[in-house]
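Here are my notes on this one, written for someone new to reading structures. Have the chain open beside you and go through the points in order.

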Amino acid sequence: MTLALSRSPNERLGREVLPELLSGRSWGAFLLTEPGVGSDAAAITCAIQKVENGYRIAGAKSWVTNGVNADVLLTFGQSNPGAGAKGMLAVVARRNQPGVKASDALNLFGSHAMGTSDVAFDDCLVGDEAVAFPAGGGFQAAMGGLNVARLGVAALCNGALQGGLECAVRYATARQAFGKPIYAFQGVQMPLANVATSLEASRSLTFQAIALLDAGQDCTVLAAHAKKYATQTAFQGLSVCMQALGANGLKDEFGLGRQLAAARVAEFMDGTGEIQNIVIGRALAKNLAGA
Ligand SMILES: Cc1cc2nc3c(=O)[nH]c(=O)nc-3n(C[C@H](O)[C@H](O)[C@H](O)COP(=O)(O)OP(=O)(O)OC[C@H]3O[C@@H](n4cnc5c(N)ncnc54)[C@H](O)[C@@H]3O)c2cc1C
């Protein structure tokens, strides 16, 4: 969210809000998804309409990461119903201002620390200076923000799998069965070696995409590859790690169930695997068939 806001053409907003976010004095949230609209972001209906001296926001946002704590709400909406991407804009609203209501944290089966909530806007008024991206610029800004967020999701999945692998190898080298550490059995050791290979591949892909971003180049397609691969690799790999612990892997104290749930949740964050495949598929057609 912070990186998305840093690309705003509204320099005053950047000067006033970015230091708060970067110093940790405020938390930010990225409000794109709605109860009726997820993957098809251009179809959002939350109204952000011009009124005298500012804009009125009316509508509902859902699945807001940090929604229970965030103060700075980068809110995407539609200025002209039916205009799709061309009518999309984004404004910064504040959590404590009249007309903003955040729900309690959603009751999910994992990733509780993200404080994900819904946020409702009931005729909330913001000034002209709150416009981060004017009509026509909102969609591109949202997609740019998602590209970067996908890299964060990939990195967190890689970290979760690294933790799971360390846990499984430590356990399997200590646990005895049939007179040996279970790690001595190929049936235990080789699946873990395969997890390590997939993890190295996932990390390389993530770093490759991040290097493009750092160099100021377009990382859209590599970020889609990295996000898709890292979420799948973490989910499958953590399951293999859990197997190495036998029934003990089900206990909370080893943390594998928590990480497995987080990897499953990560699949939906910032675009599902199917949406990453749409990005990748379009690039294939363009680059390999000139379509
Ligand atoms: C923990 C968590 C935190 C989140 N945080 C945020 C946040 O901070 N801000 C925010 O704006 N959003 C956030 N999201 C929302 C997330 O971006 C959406 O869940 C995601 O974009 C998918 O939308 P959806 O869940 O509505 O699924 P839908 O769009 O309803 O899709 C349902 C299923 O259909 C598939 N599908 C849809 N279209 C196609 C297609 N064209 N081809 C093939 N398959 C398709 C999808 O892949 C999915 O499997 C968060 C989600 C989670 C789980």
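1. Where does serine 111 lie? Serine 111 sits in the loop between strand E6 (100-102) and strand E7 (117-127). Helices and strands here are DSSP runs, at least four residues of H or I for a helix and at least two of E for a strand, numbered from the N terminus. The phi of serine 111 is near 55°, a positive value in a residue other than glycine. Serine 111 has 19 other C-beta atoms within 10 Å, so it counts as partly exposed. The cut-offs: buried takes 20 or more other C-beta atoms within 10 Å of a residue's own, exposed 12 or fewer, partly exposed lies in between, and the C-beta atoms are placed from the backbone.

2. Some housekeeping before going on. This is a predicted model, in which local features need pLDDT of at least 70 and side-chain atom pairs count only at pLDDT 80 or more, while totals for chains, interfaces and linings use all residues. Residues are numbered from 1 along each chain as its sequence is written.

3. Now the overall picture. The protein chain has 7 helices and 10 strands, and its C-alpha atoms fill a box of roughly 80 × 50 × 35 Å along the principal axes. Of its 291 residues, 40% are buried. Take the contacts between residues at least 6 apart in sequence: 72% of them join residues at least 24 apart. A contact means that two C-beta atoms, placed from the backbone, lie within 7 Å.

4. The domains come next. The assignment gives domain 1 (2-136) and domain 2 (141-289); such bounds come from an automatic or database domain assignment. Their centres, taken over C-alpha atoms, are 30 Å apart. Across the boundary, 14 residues of domain 1 are in contact with 13 residues of domain 2. The domain 1 side of this contact has 10 nonpolar, 3 polar and 1 charged residues. Nonpolar covers Ala, Val, Leu, Ile, Met, Phe, Trp, Tyr, Cys and Pro; charged covers Asp, Glu, Lys and Arg; the others, Gly among them, are polar.

5. What about the inside? The largest nonpolar core has 80 residues, and Leu74, Val91 and Leu238 have the most contacts inside it. A nonpolar core here is a set of buried Ala, Val, Leu, Ile, Met, Phe, Trp, Tyr and Cys residues joined through C-beta atoms within 7 Å. Helix H3 (residues 138-174) gives the most to this core, with 16 residues. Both domain 1 (2-136) and domain 2 (141-289) supply at least three residues each. Look at strand E1 (28-31). Both of its faces are covered: Gly28 and Phe30 on one side, and Ala29 and Leu31 on the other, are all buried. In a regular strand the side chains alternate between the two faces of the sheet. E1 runs parallel to strand E4 (residues 72-78), joined by 4 bridges; strands count as paired if DSSP finds at least two bridges between them. Phenylalanine 30 stands opposite leucine 74 in E4.

6. The next pair runs the other way. Strand E2 (residues 47-51) and E3 are antiparallel, over 5 bridges, with glutamine 49 bridged to arginine 56 in E3. E2 and E3 make a hairpin with 2 residues between them, and asparagine 53 in the turn has a positive phi of about 65°.

7. Which residues does threonine 231 touch? Not counting residues up to four places away in sequence, they are Val153, Cys157, Ala263, Ala266, Glu267 and Gly273. Threonine 231 lies in helix H5 (residues 220-244) and counts as buried because it has 28 C-beta neighbours inside 10 Å. Alanine 263 is 32 residues away along the chain, yet the two C-alpha atoms are separated by 5.9 Å.

8. Compare aspartate 270 with point 1. Aspartate 270 is in the loop between helix H6 (256-266) and H7, and its phi is near 55°, a positive value in a residue other than glycine. Aspartate 270 has 24 other C-beta atoms within 10 Å, so it is buried.

9. Last, the ligand. It is surrounded by 22 residues, and the closest are Leu32, Gly38, Ser39, Thr65 and Thr272; a residue is near if its C-beta atom, placed from the backbone, lies within 6 Å. Strand E1 (28-31), strand E3 (54-64) and helix H7 (273-289) each give two or more residues to this shell. By class, the shell divides into 12 nonpolar, 8 polar and 2 charged residues. Domain 1 (2-136) and domain 2 (141-289) each provide at least three of its residues.
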